[in-house]
Amino acid sequence: GFNIERRSGSSTTFTQIATVGANVTSYIDGGLLDATTYCYRVQAFNTAGSSGYSNEQCATTAAATTSFTLMVAKNGAGTGTVTGTGINCGADCSESYTSGASVVLTAGTAAGSTFAGWSGGGCTGTASTCTVTMSAATTVTATFNAITFALTVNKSGAGTGTVTGTGINCGADCSEPYTSGASVVLTAGTAAGSTFAGWSGGGCT
């Protein structure tokens, strides 16, 4: 069979760690430390005695892998998505990355929205992309604003009356902001002694 001996790279002393039978050509050494050099040598033996040692062979185990979680949050009244390797937020807004990884995040706006900017994780500004270097658990926030337009109601004529709709009571409140694409139903109500003569503007006729 064969005696298998090992030393750490910082030591000059070999220790026998295993004995395997004749014709065995491999051995797996488990439970080693990360980022550590180990050296091995083999000695054959039989009933007549032992051979000399083989040349030693050395190798270094891999460094420990550290992972951190990147969380994407969305803020604001608008809508949009943030995508990156492993992230589609949308639905998947969290992903684990190895320490030192660079993650490029890209913001995409939905109809009726604008991208207002980044915050957190070293991301700033309003460019559509941002690169995060993972060195700790990180949260990046993307803000999307809704595009809004003002709807203003004007009343004309010698009569009196009101115009009402969601957020509007004109009356006193005759102007209101609405998000792009919103449908606003306006209703005209006449006061005593007046009649409603019709609409103009904004597609109302």
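Author: A disulfide (a pair of cysteine sulfur atoms within 2.5 Å) joins Cys89 to Cys93, with S to S at 1.9 Å. This is a predicted model: local features need pLDDT of at least 70, side-chain atom pairs count only at pLDDT 80 or more, and totals for chains, interfaces and linings use all residues. Residues are numbered from 1 along each chain as its sequence is written, and side-chain values use heavy atoms, leaving out hydrogens and water.

Reader: Is the disulfide of Cys89 and Cys93 right-handed or left-handed?

Author: Look at the torsion about the S-S bond of Cys89 and Cys93. It is about 85°, so this disulfide is right-handed.

Reader: Is Cys93 buried or exposed?

Author: Buried means under 20% relative accessible area, exposed over 50%, and partly exposed in between (1.4 Å probe, protein chains only). The relative accessibility of Cys93 is 18%, so Cys93 counts as buried.

Reader: What is the handedness of the disulfide between Cys123 and Cys130?

Author: The two sulfurs are 1.7 Å apart in the disulfide joining Cys123 to Cys130. Cys123 is buried at 1% relative accessibility, and Cys130 is buried at 8%. The S-S torsion is about -90°, so the disulfide is left-handed.

Reader: Which pattern do the disulfides of the chain follow?

Author: The whole structure holds four disulfides. With bonded cysteines counted along the chain, the pattern is 1-2, 3-4, 5-6, 7-8.
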